[in-house]
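Please examine the sequence and the three-dimensional structure shown below.

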Amino acid sequence: MSKIIDILEEKLNKGQNAMVMMVGDSITYGRYKCAINETYSAYIAKFLASRFPEAEVIRYDGKNTPGVTHIDGYETPTTVQEGNKGRLTVVGCGRGGNTVRMALNRSDDYTGSFITGEYPDVFFLMFGINDALKSDPSKFILPEKFYEDLKELHNLLRKTNPDAEIVYMTPTYGDEGDSKESCLDEYSDVVVKHAAETDSTLVDTHKLWMDHLIVGGENRGQGDWLDDDPWHFSPVGSYETAKICMDMNFYISIGGPVTFKNAKEPKIVAKNIDINRLMIETDCPYLAPMPMRGKRNETSYVLNVLTEIANLKE
């Protein structure tokens with residue numbers, strides 16, 4: 001993953017703009033069980049913001065409209081971080097129910113230039129859950145056909161966006177939790193093989209989820225990582241899936257909002273992040289922690305942030 005960071009860093013250090021495009025199915029869309037700021041794409045945007053603290057970081061989240069097979073426009077862009085050293089844009093371009101073939105059929109959503117006129121520097125691709133879905137004959141294909149479709153998608157991106165790097169993420173989970181054998185094992189193996197053949201970066205998110213599996217455990221063996229079906233993440237599952245990018249040596253900064261009563265997302269991050277990857281900051285003069293909220297923030301208030309994080313980790 002260091003190769004990807006180097007690409008983004010080179011542009012941002014020059015004050016240029018960079019773009020990361022997240023393409024996939026409902027897992028990438030993420031908002032079936034999570035709020036818009038709790039998807040794994042949203043967490044990756046935050047990780048990148050922490051890695052590039054002087055850059056402006058913007059996130060676009062694609063809309064999924066029933067009956068529409070492509071991305072139906074984008075939500076109002078979210079400012080993840082303000083900055084003055086280049087702009088990094090992260091685009092969530094997931095469409096619920098997509099197989100690789102369906103993604104190929106909506107390639108105008110993500111190939112070529114984005115609606116801002118910029119071209120993606122990095123593509124993150126995650127597919128396989130719907131391709132492996134035996135209960136839906138209109139989607140299910142054998143691993144061999146999945147491999148051919150992945151190659152076609154790769155070749156398309158090499159044609160439309162030849163300068164972009166491609167990151168392949170293995171399909172995460174779709175099981176009942178009663179066995180260490182997964183319906184996605186063969187499809188994950190295809191992604192691993194394809195990434196190696198094309199010299200692409202691989203993020204093995206399927207291994208992450210299978211290593212976390214407790215056979216016979218709660219919530220299909222995934223505990224608080226899943227919501228109420230075998231596929232869609234809870235906010236914790238989103239965070240853990242994005243956290244695999246911590247191999248990039250990211251640090252996560254936590255400020256005053258973690259002390260706010262309804263700050264669900266910062267509390268999840270603070271509770272789960274490795275203490276060695278945590279940075280506490282003032283964010284002066286804004287966002288003073290409780291009980292000083294509304295006042296001018298100052299350095300001495302970080303103790304309140306530290307106390308809150310310690311309580312969350314107990």
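Which residues lie nearest the centre of the largest pocket? They are V80, S253, E281, D283 and L287, among the 29 residues that line this pocket. The model is a predicted one, in which local features need pLDDT of at least 70, side-chain atom pairs count only at pLDDT 80 or more, and totals for chains, interfaces and linings use all residues. Residues are numbered from 1 along each chain as its sequence is written, and side-chain values use heavy atoms, with hydrogens and water left out.

A pocket is found on a 1 Å grid over the protein atoms alone, as an open set of points where a 1.4 Å probe fits, with protein on both sides within 12 Å along at least five of seven lines; its lining residues have an atom within 4 Å of a point. The largest pocket has a volume of about 980 Å³, a volume being the space filled by probe spheres set on the points, which are joined across faces, edges and corners. Helix α3 contributes the most to its lining, with five residues. The lining comprises 15 nonpolar, eight polar and six charged residues. In this classification, Ala, Val, Leu, Ile, Met, Phe, Trp, Tyr, Cys and Pro are nonpolar, Asp, Glu, Lys and Arg are charged, and the others, Gly among them, are polar.

The second largest pocket has a volume of about 280 Å³. Among its 16 lining residues, A132, K134, C183, L184 and Y187 lie nearest the centre. The largest share of this lining, three residues, comes from α6.

Helix α6 covers residues 185-197; helices (H or I, at least four residues) and strands (E, at least two) are DSSP runs, numbered from the N terminus. Its buried residues (under 20% relative accessible area with a 1.4 Å probe, protein chains only; exposed means over 50%, and partly exposed in between) are Y187, S188, V190, V191, H194 and A195. They lie on the same side of α6 because they cover an arc of only 155° around the axis, taken from the directions from the helix axis to the C-beta atoms. The face turned away carries the exposed residues E186, D189 and A196. Just after α6, D199 takes a positive phi of about 55°.

Helix α5 has 18 residues. Its buried residues include P143, F146 and Y147. The buried residues of α5 fall within an arc of 165°, so they line one face of the helix. The face of α5 turned away from its buried side carries the exposed residues E144, N155 and K159.

Terms used:
The expected span of a helix is 1.5 Å times one less than its number of residues.
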